[in-house]
Amino acid sequence: MAYVLVSMLNVKLINELAGDSTRTLQRPQLYLVINALLCHLQTLDPERSAFIFDLASKFTTNIPDDKQEKEYALLKSQSILDQIVVPEFTENSNNENSLAITMFIASVLTTLNEYHPSAMGVMGLTGVYSNELKRS
């Protein structure tokens, strides 16, 4: 029962962070942050690394290559990760962290309320990580 309560609090935090990000970041910055989060996700899920890389690359296709913007996105994504991921390693921490990251991205995309080529892939990964957590 306590696990469900903790998860609900995390979902609330994830949605608040996603809403804040969509309000405070310009679209190119937001997509660079999502790209950085997906790159972190690759380290948590090496089995799906190629698929995740493909999703990540679609977020930066039409964004100019600006070193300062990329550095800012890395800092912002690290700040988000510091708030939504489980810092200690447990049997399920990779799945929990993967789910938190994809839930954040899915919440951002839902808040933007527009089509993105990677949206279905992100939603699919969210479902995969959720199912894996239920089974463990």
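Trainee: Let's start with Leu-41: is this residue buried or exposed?
Mentor: Keep in mind that this is a predicted model. Leu-41 has a relative accessible area of 0%, and the cut-off for buried is under 20%. Leu-41 is therefore buried.

Trainee: Which helix does Leu-41 lie in, and which residues does Leu-41 touch beyond four places away in sequence?
Mentor: Leu-41 belongs to helix α2. Leaving out residues up to four places away in sequence, the residues touched by Leu-41 are Ile-52, Ser-98, Ile-101, Thr-102, Leu-125 and Tyr-129.

Trainee: How many Å separate the C-alpha atoms of Leu-41 and Asn-97?
Mentor: Along the chain, Leu-41 and Asn-97 are 56 residues apart.

Trainee: How are α2 and α5 oriented to each other, roughly parallel or roughly antiparallel?
Mentor: Two packed helices are described by the angle between their axes and the distance between the axes. Here the axes of α2 and α5 come within 10 Å and cross at roughly 160°. Angles over 145 degrees count as roughly antiparallel, so the relation of α2 to α5 is roughly antiparallel.

Trainee: Is the crossing of α2 and α5 left-handed or right-handed, and how many nonpolar residues does their contact have?
Mentor: α2 passes α5 in a left-handed crossing. On the α2 side, the residues that meet α5 include Ile-34, Leu-38 and Leu-41, and among their counterparts in α5 are Ile-101, Ile-105 and Val-108. By class, the contact of α2 with α5 has one charged residue, five polar ones and, to answer you, nonpolar residues numbering twelve.

Trainee: What about α2 and α4: are they oblique or roughly parallel to each other?
Mentor: α2 and α4 have axes 8 Å apart and pack at an angle of about 60°. The limit for roughly parallel is under 35 degrees, and roughly perpendicular begins at 65. The pair α2 and α4 is therefore oblique.

Trainee: Which handedness does the crossing of α2 and α4 have, and how many charged residues are in their contact?
Mentor: The α2 and α4 crossing is right-handed. Residues making this contact include Val-33, Ala-36 and Leu-37 of α2, with Glu-69, Lys-70 and Lys-76 among those of α4. The contact of α2 with α4 divides into nine nonpolar residues, three polar and, as charged residues, three.

Trainee: Is Ser-77 buried or exposed, and which residues is Ser-77 in contact with beyond four places in sequence?
Mentor: Ser-77 is part of helix α4. With 5% relative accessibility, Ser-77 counts as buried. Setting aside neighbours within four places in sequence, its contacts are Val-33, Ala-36 and Leu-37.

Trainee: Is Pro-87 buried or exposed?
Mentor: Pro-87 is in the loop between α4 and α5. Its relative accessibility is 75%, and the cut-off for exposed is over 50%. Pro-87 therefore counts as exposed.

Trainee: What is the angle between α3 and α6, and which residues of α6 make the contact?
Mentor: α3 and α6 pack at about 145°, with axes 10 Å apart, and their crossing is left-handed. From α3 the contact takes Phe-51, Ile-52 and Leu-55; from α6 it takes Gly-121, Val-122, Leu-125 and Tyr-129.

Trainee: To finish, which residues touch the most other members of the largest nonpolar core?
Mentor: In soluble globular proteins, nonpolar side chains tend to be buried together. This core has 36 residues, and α1, α2, α3, α4, α5 and α6 each supply at least two residues. The residues that touch the most other members are Leu-37, Leu-38, Ile-84, Ile-101, Phe-104 and Ile-105.

Terms used: Residues numbered from 1 in each chain as written. Predicted model: local features only at pLDDT ≥ 70, side-chain atom pairs only at ≥ 80, totals over all residues. Heavy atoms only, no water. Core = buried A, V, L, I, M, F, W, Y, C linked by side-chain atoms within 4.5 Å. Buried < 20%, exposed > 50% of the residue type's maximum accessible area, 1.4 Å probe, protein only. Axes fitted to C-alpha atoms, helices over the stretch in contact; angles between N-to-C directions. Parallel < 35°, antiparallel > 145°, perpendicular 65-115°, else oblique. Left-handed = near helix turned anticlockwise from the far one by under 90°. Contact = heavy atoms within 4.5 Å. Nonpolar A, V, L, I, M, F, W, Y, C, P; charged D, E, K, R; others polar.
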